[in-house]
Amino acid sequence: MHELSVTESILRICVEHAEKENASRVTDVYITLGRLSSIVDDSVQFYWELIAENSICAAAQLHFERIPAKILCLDCSNEYELDRDLEPCPKCHSARIKVISGDQFYVDSIAIEKGEKQ
């Protein structure tokens with residue numbers, strides 16, 4: 001259910017920016033998700049199709065880009081990327097780690113059309 005509120009936020013952001021640009025419609029929405037983000041792409045897509053239906057974003061395509069998680073070991077300063085879930089440092093096996101990137105979630109950009117509003 002958490003994806004519904006996330007999707008509502010995405011729609012609000014897109015509508016706000018499209019209206020500022022006097023867009024007739026939003027055609028594409030580019031979303032960046034970190035590997036460790038708890039957002040489920042398919043759920044966002046499902047809710048998007050429902051809530052965007054009667055808006056300037058109706059029929060806009062969502063594009064998801066997953067970026068890898070980068071971790072810093074606080075004991076040996078080793079930086080590494082995760083292939084799976086959180087795991088100890090592969091160099092020294094310490095569990096004292098810090099996420100550098102990979103937990104972010106944001107609307108990167110939107111594509112719009114200008115002209116007669118439908």
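**Entry 1: the helix pair**

Glu 3, Leu 4, Thr 7, Glu 8, Ile 10, Leu 11 and Cys 14 in α1 are in contact with Ser 43, Val 44, Tyr 47, Trp 48 and Ile 51 in α2. I sorted the residues of this contact by type and got 8 nonpolar, 2 polar and 2 charged. I note here that the model is predicted.

Next I looked up the geometry. Helix α1 covers residues 2-20 and helix α2 residues 41-51; they pack at an angle of about 55°, and their axes are 9 Å apart. That angle makes α1 oblique to α2. I recorded the crossing of α1 and α2 as right-handed.

**Entry 2: Asp 42**

Is Asp 42 buried or exposed? Its relative accessibility is 64%, so Asp 42 counts as exposed, the cut-off being over 50%. I also took a distance from Asp 42 to Leu 4: the two lie 38 residues apart along the chain, and their C-alpha atoms are separated by 11 Å.

**Entry 3: the sheet of 3 strands**

I turned to the open sheet, which has 3 strands in the order β2-β1-β6 and mixed pairing. β2 (61-67) and β6 (105-114) are at the edges; each has a single partner strand, so one side of each lacks a neighbour in the sheet. From one strand to the next, I found that the twist averages 20°.

I followed the pairing of β1 (residues 23-34) with β2: the two run parallel and are joined by 7 bridges. One pair I looked up was Val 29, whose bridge partner in β2 is Leu 62.

α2 lies across β1 and β2 and runs at about 160° to β2.

Last, I went through strand β3 (residues 70-73). Its covered face holds Ile 71 and Cys 73, while Lys 70 and Leu 72 are on the uncovered one.

Which strands pair with β3? Strand β4 (residues 79-81) runs antiparallel to β3 and is joined to it by 3 bridges; strand β5 (residues 97-101) also pairs with β3 in the antiparallel sense, over 4 bridges. I noted a bridge partner in each: Glu 79 in β4 for Leu 72, and Val 99 in β5 for Ile 71.

The hairpin of β3 and β4 has 5 residues between the strands, and in it I found Ser 77 with a positive phi near 65°.

Definitions and conventions
Residues are numbered from 1 along each chain as its sequence is written. This is a predicted model: local features need pLDDT of at least 70, side-chain atom pairs count only at pLDDT 80 or more; totals for chains, interfaces and linings use all residues. Side-chain values use heavy atoms; hydrogens and water are left out. Axes are lines fitted to C-alpha atoms, for helices over the stretch in contact, and angles run from 0 to 180 degrees between N-to-C directions. Angles under 35 degrees count as roughly parallel, over 145 as roughly antiparallel, 65 to 115 as roughly perpendicular and the rest as oblique. A crossing is left-handed if the near helix is turned anticlockwise from the far one by less than a right angle, and right-handed if clockwise. Contact means heavy atoms within 4.5 Å. Ala, Val, Leu, Ile, Met, Phe, Trp, Tyr, Cys and Pro count as nonpolar, Asp, Glu, Lys and Arg as charged, and the others, Gly among them, as polar. Two strands pair if DSSP finds at least two bridges between them. Buried means under 20% relative accessible area, exposed over 50%, partly exposed in between (1.4 Å probe, protein chains only).
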